Structure formats: structure tokens, C-alpha cells
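Reader: Hi! I'm new to this one, could you walk me through it?
Author: Happy to, let's look at it together.

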Amino acid sequence: MTLPEPLNSYEPQSPPSSSSKKNEASQESPAPARAPLADAGKLAPPATQQSEKRQLALLLDLSGDKRASFEWAARELPGLRIQSINKTDLKWGSKREALSLTRRLKPDVLAVFTPDLKTQSARSAMMLFGVLAGARLILLGDANRRAIRRSRVGALVIEAPRFALALLFGYLVIVPLSWLLTEALRLALVFREPARSSRSRRATNNQTPLSALYVKAAPVGDSPAAQAGGMATHVAGLMSGALALGHKLKLVTSEDSPIGDGRLTITVISPSNSVAPTRALFEIWNNLAFTARSLAHLQALDAGRQFDFIYQRYNRFNWTGVVLSLATGLPLALEFNGSEVWMSENWDPVGLVWLLRRFERLNLRAADHIFVVSEVERRNLMAAGHASNRVVVNPNGVDVERFRPDSGGAKIREAAGVSDRIVIGFVGTFGPWHGAPVLAEAASQISESARCHFLFIGDGEQRSKVEEIIDSASNVSATFAGRIPHAEVPAYLDACDIFAAPNVPAGDGSEFFGSPTKLFEYMSMGRPVVASRLGQIADVIEDGFNGVLVEPGDACSLARAIEKLGSDEELRAKLGRAARQTVIERYTWRHNAERVFDTMRPHCE
């Protein structure tokens, strides 16, 4: 196992020890020296008078991997002073405010690090933003060493016309066409049942393995949060669960499958960057391209005879599953993890929400069954007029063989120098719903005598806020491990004594509708979880039996619960055993897949 090379470790200022350090780095720097088990986040000593004379490169990280972004910038821009800018500060304000904020920093270079440059939308827009911000060089790149460099003149001569043409084509052709097709598909649903009645079906009974067409149009690489978070885990989990039950799957996807099995056949339809002046237009264009190529491929296979139903993971600006269901007569199962309209308005602004709303309504109306991860989301859909018998609660799950005690945690603890401490673990993409700042506040309220160490795994928009809270406290021992490969997560979890799931409600007052995959992974490790009394979390965790519940946002209660568990090894063991037994009995990926295939079977007989 390769351990991430650490950077951000925090130790109490007193009492001193030879191995402890209080990180006082700023967000500026060339690449730092490395030590085991920490991650690059705050990357350098504060700028000196001499460093101020060096040219300034502003670094915008879109990958969600802060360490990789700084390594890339240091390699591509040697000798320059690198200063990161927060994506969150730019995405919610107006474009004029974002430009004004950037211009005040007087950058010589604007460097943008992306998850995948081939599928990155709005590249020309970023180039022009850099020009308007005053940068003389604009650099876009990714971890695969792909890069695009433009001087100010080059950006104006090459990217400005390209951006203008793509924008005109998108808004004058692609958007109207997508609206018309969406309305046509809505009308076509009226004639779906007569067409289905004439469809010849495969001969099946209650014992016959089913064959499903799994459609996943959104590239995971397009979303760093999804890549590090629940999407990739859910896709692999459902497929592994279905295959374990003996069913067959064909995956039509925009990227390679996360698992390999002889019963899983894969068709990869790579995203197109032909029309990508904005993220919304990129996704709408790729809906048309992905749907057309999927339809052509499946017609050649005679999909109506090969498969029993279509399973689509709903994603923004896509109705591929609807088209394939209408064309083949196959029943449609829709995995609906939450309203993309709501997410765009509250978490991830994307634009063209009026069209997105039509896409979402079409998908929900066309599905024979809608699979949601929580009872809260089921109630939301029923309140929107969807029949209760169409909406099925299907919580996320866990692979209990991978996530189990004794998975290598001792080596992690030794490498981090925390073998003699109570380690509290948190894994997440530091999204606003994860409540990581609440955990940081709780950490600052725990006595040093409790000998707790906080291990933060992951990266994301609220990580810098969490680091500021930890950095300002004088009594917190913590490590920020950054993003790590999912295959190595079990070992890191095994290094923990207690887990924290401090999720918080949405800012608009909406009920918590999620089903955190990390909750089930925590429980599967046989360790106690201190979690927020919120939504499905409170349904899964029974306070005092298989975990501990506290009120969401209450850092004081969270701190006291951690202290209590930290001082009672017997209680930790009791709650941990019950937690693992709970997920073994109810929340494996096999259970998740079984609910899908059992629900869809009557439509296939």
C-alpha cells in the first residue's frame, strides 16, 4: 500500500514533542517537502518580500485533489509564486464579482487544474476569463499531463471566436432542439403501453436470472465530488450485488466500468467536447450524442429481446433511459438520488434550470419505478404527485468483505504516529452537507487529556474552512490525509477507533434526503459511529445500540459523545459489533440489488 505523503498534521502547541508540529502555512508556495501520511493543502510558508517579486500564478483547482493540483502547478510553472483561489468564492457570485476578485490579485498566470481536460467544459470561457483578469498566460491541465497554453493574444485570436460560435450554436440550435425533443418524448409516453403490449418478451419465472441494461451517462470524472464520493461506490456496488445474485448486466456508460466480470458487458460512449462553451451546454449536447449512439448500438443488438428492463442512474440534462425504453418497449427503472434542480439552486449552480426542470419531470414520469435512497426523498416525490407504489426506498449499501476489521489499520496508525491515541475518523468530499466544520469545532472543545487525534480523509470546498478552525485551536491533534484511492479506504478506516458523521441540514430548511455510503462503510468496520440525528441516518443508527446520535450542528454534544466513547473501550466494542451486524443483515450491496430486481421482475414476466 502506498501511503499519501502528508503535509497537514496538527498537534497541540503544548506540551511540545519532537514529532509534533503546528502548521502555520499559507496557501502560497512551491511544492513542499513531504513526510508520511499527510496531504498538500496549505502549501508554503507565508510569502516573503523576495517571493513577492516573483511572478504570481493563480491556481484554480477543479479536480478536488488539492495536492495533485499544486504538484502540477509547481511542475508546469517552476519559479513562480503559486497562490490558490477558492472555487466556492467564484461560483456563487456574479461573473463580474468573480472577475473583480481575481483582477485585484494581479495574476501573471491563471492556471486551472481539471479532472480530465478532454471532457472539461467551458475551456474557452476560462481562457477568456484569464485574459480579462489580466493574466499574460493561461494554462489548463490535468493529472494525465495534458495541457493547453494560451498567451493573451492567442486566447483572443483562437478562443474568443470558438467560444462565440459554440455559444450561438448552443443557444440557437441545441437548447431549442432539446426542448422540442423533451416535449415530444413527453407526448410519446401516451402511446407507450400499446406498444409494450405487442412486445415479445424473454421467457422468465421467479427463479430465472434477469438481464438488465444499466445506463450511466454522466462521466464520474466530470465531478470530483462524485468520483471521490458516493457515485462511483454506488455504481460498482449495485453491479457487484446484481452479479452476486446471478443476474446479467450490460453497462452503457461514458467511461470504463469500475468492476470486471464475465457476466458484465460494457459499451463505452466517450463524451464529446464539440459543444462546450458552458457546463450546461456541454451536458445537453452530450445527452443528444450519448442517446443517439446508445440507440443505434442497441437497435443493432435487438435489445428488446436481450434484456428484461432498463436501469438508469438519473443525472442532470439526460433522458437516454426514456428514449431507450420507448424504442424497445422495455420497462424503465430510474435511480433518483435527489432533484438536480434543487441541487443546482442550492449546491451546484449550472444554469438553464428551466430546461433542467423539464428533463427531470420527463424522467420521473417515464419511469415504471423510481428508486430513491431514503424515506425523505420518497415523501418528496409523493408530495410532487408521484404514486406511492411507483416509488421504492432503496438505501445505499456496503461490501462487508472489503470493509471489515483488521484491514491494515495498524500500519496507518504507526505511520501517522498515533498508535497511542484515540483516532476519530471522517471521510468525505467536504461538501456543505457533510458538516465537517462542526466536527472541527467539536475537536477544539475536547480536552487534551482525552488524547484524541482527528483523521480527515478527502478533499473539497469546505476543507480550507475546517483547516482554519483546526489551525486556530491550540489543543487539537489532526491529520488531513487528502484524497486516497478507494481501494485503500478500508485500511484508513481500520486505523480509527471512532467515526464521525456530523451531517447538517440543507441551508434552505429542506429535510436531509441522502443515504451516505460512508455511514455503512463506517459501521461495517465494527467501530462506533457518532452521527447526526438526521433523515435516514437516524433510521439506521439506533442511539445506544449500534451508535450514538447527537443533534445536527451541535458541536458541544458531538464533543461530549466523542469523549465518552474515547474513555470507554468496552462501550466502543459493544456498539461496533452491533453496527457491523446491522449492515450485514440489512445494508449490503446485495440487498440493494435484490430490491431493484425483485421490484422489476413482475414487469418482465
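Reader: Let's start with α22. How many residues does helix α22 have, and how far does it reach?
Author: Helix α22 covers residues 555–566, so to speak: 12 residues, reaching 16 Å from the first C-alpha to the last, close to the 16 Å expected at 1.5 Å a residue. The expected span is 1.5 Å times one less than the number of residues. Helices here are DSSP runs of H or I with at least four residues, strands are runs of E with at least two, and both are numbered from the N terminus.

Reader: Which residues of α22 are buried?
Author: They are Ala555, Leu558, Ala559, Ala561, Ile562, Leu565 and Gly566. Buried means under 20% relative accessible area, exposed means over 50%, and partly exposed is in between (1.4 Å probe, protein chains only).

Reader: Why do the buried residues of α22 line one face of the helix?
Author: Seen down the axis of α22, they fall within an arc of 165°, so they line one face. The arc is taken from the directions from the helix axis to the C-beta atoms.

Reader: And what happens at the start of α22?
Author: There, a side-chain oxygen of aspartate 554 comes to within 3.2 Å of the backbone nitrogen of cysteine 556.

Reader: Before we go on, what kind of model is this?
Author: It is a predicted model, where local features need pLDDT of at least 70 and side-chain atom pairs count only at pLDDT 80 or more, while totals for chains, interfaces and linings use all residues. Residues are numbered from 1 along each chain as its sequence is written, and side-chain values use heavy atoms, with hydrogens and water left out.

Reader: Good to know. How many helices and strands are in the chain?
Author: The chain has 24 helices and 19 strands. Of its 605 residues, 57% count as buried.

Reader: New topic: how many aromatic pairs does the structure hold?
Author: There are 13. Rings of Phe, Tyr and Trp (its six-membered ring) pair if their centres lie within 6.5 Å; planes under 30 degrees apart count as stacked, over 60 as edge-to-face and the rest as tilted.

Reader: Why is the pair of phenylalanine 309 and phenylalanine 597 edge-to-face?
Author: Their planes are at 70°, with the ring centres 5.3 Å apart, so the pair is edge-to-face. The pair links distant parts of the chain, 288 residues apart: phenylalanine 309 is in strand β10 (residues 309–313) and phenylalanine 597 in helix α24 (residues 589–604). Both phenylalanine 309 and phenylalanine 597 are buried.

Reader: And how far apart are the ring centres of phenylalanine 456 and phenylalanine 480?
Author: They are 4.8 Å apart centre to centre, with 10° between the planes, and this pair is stacked. Phenylalanine 456 sits in strand β15 (residues 452–457) and phenylalanine 480 in strand β16 (residues 478–482), 24 residues apart. Ring pairs also link Phe426, Phe430, Phe456 and Phe480 into a cluster.

Reader: Last one: where is leucine 352 found?
Author: Leucine 352 lies in the loop between α13 (340–346) and α14 (353–366). Its phi is near 55°, a positive value in a residue other than glycine. Leucine 352 counts as buried, at 15% relative accessibility.

Note on methods: Polar contact = N/O pair within 3.5 Å; in protein donor to acceptor, adjacent residues only side chain to side chain.
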